[in-house]
Amino acid sequence: MLKRAALGAGVFLTGFVAIVLVGKGVGGYLPNFMSSVVPNGIFLQGLVLGALNGLLAIGLVLIYRTNRIINFAQGELGAFAATLAAELVQRYRVPFYAAVAVGLVAAVLSSALIEFAIIRRFTKAPRLILTVVTIGVAQILGAVELAIPALLNKNAKMQTGFQTPLSFGFNYGGVQFRGDHIVVMIITPVVIAGLVWFMRRTGYGLAARAAADDRDRARLLGVPVKRVSLIVWSIAGGLSALTAVLSAPITGFQFGALGGYTLLAYALGAAVIGRFESLPITFGAALLISLAQQVLFFGTGHSGPDFGLVFAVILVALLIQRRRTGRLETGASTWQAVEEVRPVPRELRRLPEVRYGRWGLAGLALALGVVVPFVLTPSRTSLATDILIYAMVGISLVILTGWGGHLSFGQWALAGVGGLVAGHIAASSNPQDFFVTLLIAGAAGAAAALLIGIPALRIQGLFLGVTTLAFAVAAGNWIFSFGLFNVPGAIQRPLMFGVWDVSNERSFYLLILAFLVVTLVVARNLRNARMGRVLVAMRDNEKAAQSLGVPRVRTKLAAFAASGFIAAVAGALYAYHQQQLTPERFPADLSVFLFSMIVIGGMGSTTGAVLGAIVIRGIQYFLPYEFSLLGTGFGVVLLLLFFPGGLGQLFYMARDALLRTVAERRGVLVPSLVADRKADTVELDDTAVARAAADLTEHAPEPELVTTGGQS
Amino acid sequence: MIDLTATPAAVTEPDPPRPWADPVGWLRGRFTAATLGALAFPLVVLFFIYFFDEFDTAAFGVLAPEIKNAFHLTDRAFVNLIALNLVIVLGAAVPLGYYGDRLPRKRLVVAGAVIAGVFSFATGLAPSLLALVLFRMGNGFGVLVNGTIHPSLLSDYYRPQARPTTFAMHNNSQRWGSIAGPVIAGVVAWLSSWRVAFLILIVPILAMAIVATRLPKVVRGQSDNEDAAVIAADERPVPLGRGVRMLLAVKTLRWQFAAYVAIGAAFLPLSAYVPLYFQRVFHINSADRGFLLGAGAVAALVGVQMSGRVTRTWIAKGLGEPLKLAGYSLLAVGPCLLVMAFAPNLVIAVVGLLAAYFVGGFYYPPFLTVQALVSPARVRTLSLSFGLLFLVAGLITFQIVFGAIADHNIRNGLGATIPFWFIGGFILRAGHRFVTSDTEHAFSVLATTAEMRKARLEMAQRSILSVRGVDVSYGPVQVLFGVDLEVAEGEILALLGTNGAGKSTLLRAISGLVPIHGGAIFFDGEDITGLEPEESFALGLVQVPGGKGIFPSLTVAENLEVAVWASRRPPDEVAAAREEVLDLFPALRRRYDQPAAVLSGGEQQMLTLGQAFISKPKLLMIDELSLGLAPVVVEELLGVVRRLHASGTSVVLVEQSVNVALTLSTRAVFMEKGEVRFTGPTAELLDRDDILRAVFLTGATTLEGAK
């Protein structure tokens, strides 16, 4: 134990010194990169901010150890504590410490409530589903946070400042510090030490670690795992609240969903280095990451490279970590979300009512799609076009995550690659042909996706999701500021084939609709061809697929490339749609949101992706912001509670029910449709079914003698 | 099978007295007819309590416009007031149901009546909106008792055959109360003021409370099953969480609760909307409104009466049929409401109102009958109150989504409830499939537990574990089919079978890791069906799972610590036990501070057994002790098992290998494909070639003393 502690301390100090040296030494000597020498005060500020990130990161680690999920609501759990406290202090003149106490208590209680009411319902669900549920919870909490001022006082708006009574300050190394900073530096180590003590020395801490290792076994030994989970979530909520309250005076209100996922990305980076396991390592990593971030920020003079840093850190940390089996998320099966969508059974495919039904349904959907721009106003039509583009990106996500099994929280960033490249070309002084631009954009997207795909060869499951999220954050804040992605002016909509002017909303909508249909067809063909089968095989059982000759690297990279291409083309279309484009259009939280959208729609099928885009984006567009947050948040939680397969599951359940009636009416025995029904609900009478069943039981094979090896 | 159509032996009666000649006798005759000859006094008492409580509720409804004006409320605010009242009161419903299953119900009935009366009186005096809210809450609480405790009491006073008509009669009290209530309240309000209408109510209610103290004693489930008395005397009450789980495990109840949501949204707003509608659109004064609502209540009464009889006929066709009846009646309310809400003149509106009430009345008896049938007797009260929560959820949903509509246009407000009637009707119609199996299950559990208790009291050698008729499914695939198992106290039982026979599933079901769909499990005299693993561990039932039974990231010391912490034994006992374990397994002492993941397979099993040893179980279930271990190690482990057995622990040993099991145990159970194929002494098992054909058996026949 002591040896490990000494080793850890040594690594930390080395890192610390290295970063300081970079700040001091390199700064000023590389004018293109770091233009100024970093003053000492920045180092201290980095440590302070790092302490705050560390608290957040530790909350993430605690939740991961207990529930094996990435808690996207970690920032939100406590964010409203700060908002509440600020309201109480500023508007109602409540004494500062009392208000803070109230906020903390409220956060702890609400976290416990969330665990009891929501998280506990998903104990048996795949971890991915629960992770997406936390995205929904983050949205609900965000809505609550926005509503707090209005609840307490009808027409209030959110506070912008958070005054603490700690007014003294000092100056160190060129930076002005206040009492708030000192408080952070004192409280945080105390809290961390307390947590470590709790986990290692108390009964409940022990129980938490046991339950994290093997929940069922812990239950069999009488460990109250539900209570333990409740306690851990309450602690996480308290940590989050503490973070929010301590950081609000320093950085303002910008946590969680309302502030994008940048803070969460930093915390995730630290957690990844700590393997989502060790609290001290996580905290140390958080300190170093923030330190490096501050150095980069100050040294380079602008924000951007620091996000690239986080991405690089996460990537490297995940790549070099040794796999310890059974502890970290490796297999896709632990997160695989849904029952596989079954195709129409072979026995029924030829029947006329099934054929007409399928074509009829497709025709109806197409007709509805075409009618839209003729009944909506142009601005609404523009929104509808937006929805279609989201659906296209969603389809790319289905290919990558649904079929390929690679979690991607960065799909919108890939769309951004395509969009900004297309915009760069189209708005330049020498715009290319429309389709050529699309092709180039698509290729750029595929290339970017391949870059992410390479680490995906080693990183899987939730951790790939973390990596892609870091990529999305880095892209939105840094990579997209490169020259290649600069869109100098307005983008002209093309004259299609020389005759069709799509500059008005209606025509452009129809163009995008055509593209969506093409994408759907392409995706369907991909799924039905060898590529699709091979993808799914790799997802389900990699080793078995490899042993059957499926080339691992090529298959995985092909999935990324195809997905990246489609997403980028959709992004390029988005560029032509918006006609103006800046990197701010592609923030990370849209990627996360897109992911949850597709999970709601149904990750296993393209139909689900389209449904998800229509429903969720529809809610967003046609409701005011707070209600849409609430709506999508609750929607996510409730839908996934009852239908983990999303809206697509509902759709396919209805389809299967119809197919069953057709089969019954025709007297056709379709084993794949009735195999999932319990015997007592299936009516057996004088049909072929009964006869077949009778046949089988009459001619049952004799049981085989099984002997152990070696005896006669 | 339950035959609910059997009528008791015919009783030769004299000609029933005529209502005008002998009113009391006629009334008594009506009640006795409803109870099919049993003592009518309980029904009468509960009937009248409910009757007078209903006065108050009806008065509040019919006088809505006056009350609204007195406190300056909008329509929406008024319904919100009702909703808030309901939320808080029904929030008390679940604890009430919980206590209803534990406390003497008679006392609750009396207390409820007194509270209702006092707060009725207070409503008449309410000086402010806040006071009104509080007093309504108090009254609502008292009335709540009627809805939850009365049906439970009635179920136990009267046989299943008599229940449809008994419930119908009891519900009639509500109908009669909602006839007389609005009329009297409306007239009184018209004559003096709405407040007086409430003030006078306290007199009859308190009178009934006094009479209620004379109710005869009753035992839970006594009409379902004679032996229920035995059970009730012995059993611990059901904890709330477990009770809720038991309820939600009943499929029919899930459908009925879902229907409650729709019904809450459909029905509850109407109590305010209908009087408002008639006052606003047709300008009816309070007295006339009273008569109108009274007439509606008459129509509902007729509906309920007919429904009671129809239910009896339908239930003969199948236990699920009444739910269909309830569904159809809900569906039929929709069109009637449509007519009423958009009626061009008063006559049509009244016709629609009467039709809606009539059809709506059809819904109660079948719905409640089915709910009482499928709810396990021990949680029947909880079932009724838990269902009310869903009503409130429905109302809140409605208020959020549609609440504002009534303020603009009361007709549209009424119309907005119509879709929910349809939804509720469809849900009930669809939910009828499961009633038969759920009822059979509820009855069989009752019978089984009573039988097991009796057997336990009689038997010389007590069984530590009794498993009867257990069915387990993983999703739609059933894996255990009616498994019966008996473990005598102090014996070692071998549970044998090949892969996939269901042995591990059975152990997990007994521990509580996996839910059971049918059957009962008794441990040391207590019903542990549906108990969580943590709870059964605390009772002394410990399972040692096959394979990974240790916590890899914890050290050996911490692994043992977990077993200690959860078992909550006195520290000196525990320290001694830990020392004993380390003595038994020196390897563990050597690796005391190392993470358990570095232990070899055999050492891990030692650690797992050590954990079990520390917790000093009454029954130890070991799943595949020998899997993947060298025989020498297995021998060492078996020695520990023998030691545990010697100190009083009963053991169930699950094995694929017959050899290992036979060296220890005298009795064996053989499972195949989820069923028990053989139970008996192990020597007999070896003679059964037909069973052992599929099992590793070579060498067993050469065991010493085996043949």
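Student: What share of the contacts in chain A with a separation of 6 or more comes from residues 24 or more positions apart?

Tutor: Those residues account for 78% of them, where two residues are in contact if their C-beta atoms, placed from the backbone, lie within 7 Å. Do keep in mind that this is a predicted model, where local features need pLDDT of at least 70, side-chain atom pairs count only at pLDDT 80 or more, and totals for chains, interfaces and linings use all residues. Residues are numbered from 1 along each chain as its sequence is written, and chains are lettered from A and ligands numbered from 1 in the order in which they are written.

Student: How many helices and strands are there in chain A?

Tutor: Chain A has 28 helices and 4 strands. Helices (H or I, at least four residues) and strands (E, at least two) are DSSP runs, numbered from the N terminus.

Student: OK, and what does the secondary structure of chain B come to?

Tutor: Chain B has 33 helices and 10 strands. Its C-alpha trace spans about 95 × 60 × 45 Å along the principal axes.

Student: What percentage of chain B is buried?

Tutor: Buried residues are 53% of its 707 residues. A residue is buried if 20 or more other C-beta atoms lie within 10 Å of its own, exposed if 12 or fewer, and partly exposed in between, with C-beta atoms placed from the backbone. For chain A, 51% of the 712 residues count as buried.

Student: New topic: which domains does the assignment give for chain B?

Tutor: Domain 1 covers 23-442 and domain 2 covers 461-702; such bounds come from an automatic or database domain assignment. The C-alpha centres of these two domains of chain B lie 51 Å apart.

Student: How many residues of domain 1 of chain B are in contact with domain 2?

Tutor: 6 residues of domain 1 of chain B contact 5 residues of domain 2 of chain B. On the domain 1 side, helix α12 (residues 240-248) of chain B gives the largest share, 3 residues.

Student: Let's move to helix α8 of chain B. How far does it reach from its first C-alpha to its last?

Tutor: Helix α8(B), residues 163-191, has 29 residues and reaches 41 Å, close to the 42 Å expected at 1.5 Å a residue. The expected span is 1.5 Å times one less than the number of residues.

Student: Why is α8(B) described as largely enclosed?

Tutor: Because 24 of its 29 residues are buried, α8(B) is largely enclosed by the rest of the structure.

Student: And strand β8 of chain B, how many of its residues are buried?

Tutor: 6 of the 6 residues in β8(B), residues 650-655, are buried, so this strand is also largely enclosed by the rest of the structure. Ser650(B), Val652(B) and Val654(B) lie on one side, with Val651(B), Leu653(B) and Glu655(B) on the other, and both faces are covered.

Student: Which strands are joined to β8(B) by bridges?

Tutor: Among them are β3(B), residues 492-496, running parallel to β8(B) with 5 bridges, and β7(B), residues 619-623, also parallel with 5 bridges. Two strands pair if DSSP finds at least two bridges between them. Ile492(B) has Val651(B) as its bridge partner, while Leu619(B) has Ser650(B).

Student: What about the antiparallel sheet in chain B: what is the strand order?

Tutor: That open sheet of 4 strands runs β2-β1-β4-β5 in chain B. The edge strands are β2 (477-488) and β5 (526-527) of chain B, each pairing on one side only.
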